[in-house]
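Subject: Structure for your review

Dear colleague,

Please find the structure below, together with its sequence. I would be grateful if you could read the notes that follow with the structure open beside them.

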Amino acid sequence: MSLIDTLAERLTRHPKRVVFPEGSDSRILQAARQFATRKLGVPILLGDRTVIKENAARLDLRLDGLRILEPARADEFPEFVKKFQGLRRFKGLDELEARDYVANNNYFAAIMLATMGADAVVAGATQMAASGLRPLFQVLPLQDGVTTASSMAIVETSLPHLGINGHLFLADCGVLPNPTAEQLADIAVTTAALAHHLTNQTPRVAMLAYSTKSRDPKNPVIGKIQSATKLAHRKAVERGLLIEIDGEMQLDAALDPVTAKQKGVDSSVAGRANVLIFPDLNSGNLTLKTLQIVASARTYGQVITGLTRPCAEISRGASAHDIFGTAVLVAAQAVDHSFLYVHNPPDAK
């Protein structure tokens with residue numbers, strides 16, 4: 001069973017509310033319909049009610065079990081405006097300016113998430129990444145002890161020996177162009193923590209580079225990865241997280257045990273990595289796109305890591321299946337780990 005199917009099955013016992021700011025998009029409608037039909041929770045569609053209904057009718061999709069909100073007309077709107085004006089970043093905005101912000105679907109969704117009116121957000125289906133990310137970063141606080149928000153993509157391969165039952169967790173593939181060593185350490189720890197939350201398996205984190213255990217620490221690129229590895233170890237210990245971390249290493253040494261042995265890398269991560277941390281956005285994003293196109297791998301995300309509430313910023317090229325899978329991931333992230341992996345009662349078979 002795939003990770004998405006496993007998590008979907010568990011969500012039926014712990015359903016969640018997922019907000020889609022681009023509620024009239026056909027792929028969003030299809031994904032939301034599937035989410036509701038499988039009884040995983042309540043999809044909340046933001047947008048023009050008439051347009052959403054027309055598009056759903058054209059696709060022959062029912063809207064029962066789905067909630068539709070037009071932000072400027074929603075009952076929550078006046079209260080959201082007040083809360084928005086209370087945000088430190090937006091102090092000094094007059095009411096008219098605040099209303100303009102909150103009427104924007106993305107800001108409305110972010111405030112809805114921050115105020116517990118929803119459990120997760122999936123944005124980005126029809127817009128540039130910055131449009132979906134900016135409201136989330138401006139409204140939602142960072143986790144305690146974390147200074148960096150980043151993103152994680154999950155790759156579902158057809159090779160069960162890779163990663164966790166064929167699933168690999170890649171970061172950062174969508175946010176930080178050139179992270180510092182401190183930021184890479186944050187990315188490694190928050191990505192690993194989420195991978196554990198979703199799978200209940202030990203994260204084995206490979207800090208990737210173009211060399212494996214280089215003897216040239218004066219090289220600034222290699223030096224950054226080596227420093228990030230040490231920092232990530234320290235952060236994991238400070239947070240009490242059981243994470244295996246090793247670096248720097250090349251991708252083949254991270255995933256293939258034979259190659260790791262040939263290159264003299266002997267650790268619990270080498271050849272067995274399931275979390276891959278890239279040195280920069282170029283390498284992470286290009287690897288992800290290559291896997292999508294060349295290997296026809298299923299990918300989900302980007303799931304945003306480091307924030308206090310679950311959210312994702314999907315690609316404009318995402319399919320309805322990809323969007324559904326991403327919605328399942330962020331909804332499952334909203335379920336406490338102890339409940340997500342609690343044993344079924346004897347009569348629940």
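To begin, in which loop is Lys39 found? Lys39 sits in the loop that runs between helix H2 (26–37) and strand S2 (41–46). Please bear in mind throughout that this is a predicted model.

Backbone features

Although Lys39 is not a glycine, its phi is positive, at about 60°. Lys39 is also exposed, because its relative accessible area is 63%, and the cut-off for that word is over 50%. Lys213 likewise has a positive phi, of about 50°, without being a glycine. Its place is the loop between strand S7 (204–208) and helix H9 (220–238). With a relative accessibility of 37%, Lys213 counts as partly exposed.

Two cis peptide bonds may also be noted here. One joins Gly247 and Glu248, with omega at about -5°; Glu248 belongs to strand S8 (residues 244–249). In the other case, the peptide bond from Gly301 to Gln302 is cis, and omega is near 10°. Gln302 is part of strand S10 (residues 298–305).

Cysteines

A disulfide is a covalent bond between the sulfur atoms of two cysteines. How many disulfides does the structure have? The count comes to 0. Cys311, in turn, is in no disulfide, and the sulfur of Cys173 is its nearest cysteine sulfur. Cys173 counts as buried, since its relative accessibility is 1%. Cys311 counts as buried too, at 0% relative accessibility.

Salt bridges

Side chains of opposite charge can pair when their charged atoms come close. The structure holds 16 salt bridges. One of them brings together the side chains of Arg27 and Asp25, at 3.0 Å from N to O. Are these two residues buried or exposed? Arg27 counts as buried at 17% relative accessibility, and Asp25 counts as buried at 14%.

Another salt bridge is formed by the side chains of Arg49 and Glu70, with 4.0 Å from N to O. Arg49 lies in helix H3 (residues 49–58), whereas Glu70 lies in the loop between strand S3 (67–69) and helix H4 (77–85); the pair therefore ties together parts that are 21 residues apart in sequence. Arg49 is partly exposed, with a relative accessible area of 34%, while Glu70 is buried, at 18%.

Glu70 also meets Arg73 in a salt bridge between their side chains, at 3.8 Å from N to O. Arg73 counts as exposed, with a relative accessibility of 69%. Elsewhere, a network of salt bridges links Arg33, Arg62 and Asp64.

Surface charge

Which residues form a negative surface patch? Asp94, Glu95, Glu97 and Asp100 make up this patch. Asp94 is located in the loop between H4 and helix H5 (95–103). Its relative accessible area is 40%, so Asp94 is partly exposed.

I hope that these notes are of use as you examine the structure.

Yours sincerely

Terms used:
Residues numbered from 1 in each chain as written. Predicted model: local features only at pLDDT ≥ 70, side-chain atom pairs only at ≥ 80, totals over all residues. Heavy atoms only, no water. Disulfide = S-S within 2.5 Å. Buried < 20%, exposed > 50% of the residue type's maximum accessible area, 1.4 Å probe, protein only. Helix = DSSP H or I, 4+ residues; strand = E, 2+ residues; numbered from the N terminus. Patch = residues over 30% accessible without salt bridge, like charges linked within 9 Å, V, L, I, M, F, W, Y side chains within 5 Å. Areas by Shrake-Rupley, 256 points an atom, 1.4 Å probe, with all protein chains shown as cover. Lys, Arg positive; Asp, Glu negative; His and termini not counted. Charge placed at Lys NZ, Arg CZ, Asp CG, Glu CD.
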